[in-house]
Amino acid sequence: MSKTYDCIVIGTGGVGSAAAMFAAARGWRTLGLDRFPPGHARGSSHGQTRIIRQAYFEHPDYVPVVLDAYRLWDEIERRSGRSLFARTGLLQVGQPDGPIIGGIQSSADQHNLPIRRYELAELREQFPLFNFDEGTVGLYEEIAGYLLVETCVETMAELARQAGAELRDGATVGNFSQSGGDVRVQTDQGTFTGRRVIVTAGAWANDLLSALKIPLQVIAKHQHWFRIADERAKLSEGCPVFFFETPAGYFYGFPDIDGRGNKIAEHSGGHQMNDPLHVDRQLDGVDLQRVQEFAHQHFNTPRAVHVDHSLCMYTMSPDKHFVVDVLEDSPHIAFACGMSGHGFKFTPVIGQALVNLVDGTRRDDIFCGSGVLIPAGNQRTCSLLIDAGIDAG
Ligand SMILES: Cc1cc2nc3c(=O)[nH]c(=O)nc-3n(C[C@H](O)[C@H](O)[C@H](O)COP(=O)(O)OP(=O)(O)OC[C@H]3O[C@@H](n4cnc5c(N)ncnc54)[C@H](O)[C@@H]3O)c2cc1C
């Protein structure tokens with residue numbers, strides 16, 4: 001007789017490794033399935049770093065959730081003994097009445113978060129590494145920084161294993177279906193049975209959740225590393241993470257952490273992809289040129305030499321908020337998708353929320369960790385829990 005798992009997690013990338021960790025910690029017999037090993041570079045959770053910040057320009061409703069994420073990352077660091085989160089500070093620059101500055105200010109005001117505002121002259125004095133466009137201002141958040149993305153995924157997977165989870169990579173899930181009260185998950189390594197299933201398939205969500213018809217768009221995003229001939233661009237010299245709203249688009253970057261160079265990329269733009277498994281991973285000359293122009297215009301340094309590149313994927317939901325829910329007729333099958341290019345910082349919160357959901361937590365309320373309550377149907381903003389039948393409009 002084959003065994004029945006208490007919980008099967010399909011996709012052990014960012015969100016799935018967190019879900020497996022929380023499921024196993026609950027004492028559940030947990031199986032994680034993935035085509036690739038934790039920390040791989042074929043999905044959406046690779047490329048050295050991810051920004052983590054509190055004064056969320058997207059909407060103030062994210063703030064309690066991100067505060068919970070801070071608490072959980074601290075706990076994961078403590079339990080693993082690994083360093084995952086560097087609080088380098090984050091400088092965000094834009095027009096005083098633009099969406100970035102306005103959004104940050106509104107989150108900070110509403111939640112009493114410490115941010116510091118710099119007018120243009122002060123920006124130039126305080127951050128001489130950068131060149132700032134006329135008319136811009138900056139907001140500096142000291143408690144923000146970056147997460148080491150692959151190490152985070154590997155660490156959550158490792159903690160899941162330590163708590164008893166079985167994680168299988170090299171396993172491609174073809175389908176899953178109800179079988180009595182259980183769920184049968186078909187893979188190229190055989191069929192597995194679980195009492196509960198969590199689907200966290202990132203860019204492949206629509207392959208496994210096609211019946212829901214969630215209008216997700218997978219966008220190719222290039223990450224570039226540059227060698228900047230300026231000591232001030234290094235982490236050791238106090239270079240912060242940075243995010244610029246410019247007339248050409250949104251660009252962000254990181255200090256040079258370990259000699260690999262400064263990672264710089266464009267948050268806006270990107271082209272849609274049809275098959276996330278067979279992606280053209282070559283350098284895109286147009287994308288590189290846009291990022292180089294940004295660097296050329298916004299660094300007070302002689303030259304930024306392109307030294308490395310990696311392709312990643314954003315999976316965009318229609319409103320750019322996350323889609324987290326249970327299946328209409330199967331409350332023991334939950335899913336998260338549409339992380340829309342800003343989901344990594346939240347992975348432990350969402351992983352825990354998914355475990356709460358399949359555990360039978362009331363469908364209309366979802367408690368994340370310390371008790372942050374996210375009401376159902378909150379499509380207005382932080383849609384951590386929205387109806388799967390979301391209207392594309
Ligand atoms: C360039 C870039 C920059 C970003 N910057 C930030 C940032 O600064 N801050 C931030 O918070 N977020 C950021 N994000 C977003 C964040 O990284 C993602 O939202 C998050 O990593 C998505 O995690 P996921 O678990 O949904 O996907 P993944 O980590 O890709 O996990 C999905 C997993 O499912 C597996 N899988 C799928 N289908 C199957 C199948 N059929 N069988 C077996 N396995 C399967 C895949 O192999 C994969 O491992 C960025 C994303 C990108 C691409």
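The second largest pocket lies between domain 1 (4–46 + 150–213 + 320–375) and domain 2 (90–142 + 217–316), because both give residues to its lining. Those domain bounds come from an automatic or database domain assignment. A quick word on what you're looking at: this is a predicted model, where local features need pLDDT of at least 70 and side-chain atom pairs count only at pLDDT 80 or more, while totals for chains, interfaces and linings use all residues. Residues are numbered from 1 along each chain as its sequence is written, and side-chain values use heavy atoms, leaving out hydrogens and water.

Back to that pocket. By pocket I mean an open set of points on a 1 Å grid over the protein atoms alone, where a 1.4 Å probe fits, with protein on both sides within 12 Å along at least five of seven lines; lining residues have an atom within 4 Å of a point. Its volume, the space filled by probe spheres set on the points, is about 360 Å³. Of the 18 lining residues, H267, M316, K320, S340 and H342 are the closest to the centre. The lining divides into seven nonpolar, eight polar and three charged residues, with Gly counted as polar.

Now, the ligand. Where does the ligand lie? Domain 1 and domain 2 both give residues to its shell, so the ligand lies between them. It is surrounded by 32 residues, the closest being D34, H40, S45, C312 and K345; near means a heavy atom within 4 Å. β18 gives the largest share of that shell, three residues.

For polar contacts (N or O pairs within 3.5 Å), a ligand oxygen is 2.7 Å from a polar backbone atom of I51, and one is 3.1 Å from such an atom of H342. The protein buries 97% of the 1000 Å² that the ligand exposes alone, using Shrake-Rupley with a 1.4 Å probe.

Terms used
Polar contact = N/O pair within 3.5 Å; in protein donor to acceptor, adjacent residues only side chain to side chain. Helix = DSSP H or I, 4+ residues; strand = E, 2+ residues; numbered from the N terminus.
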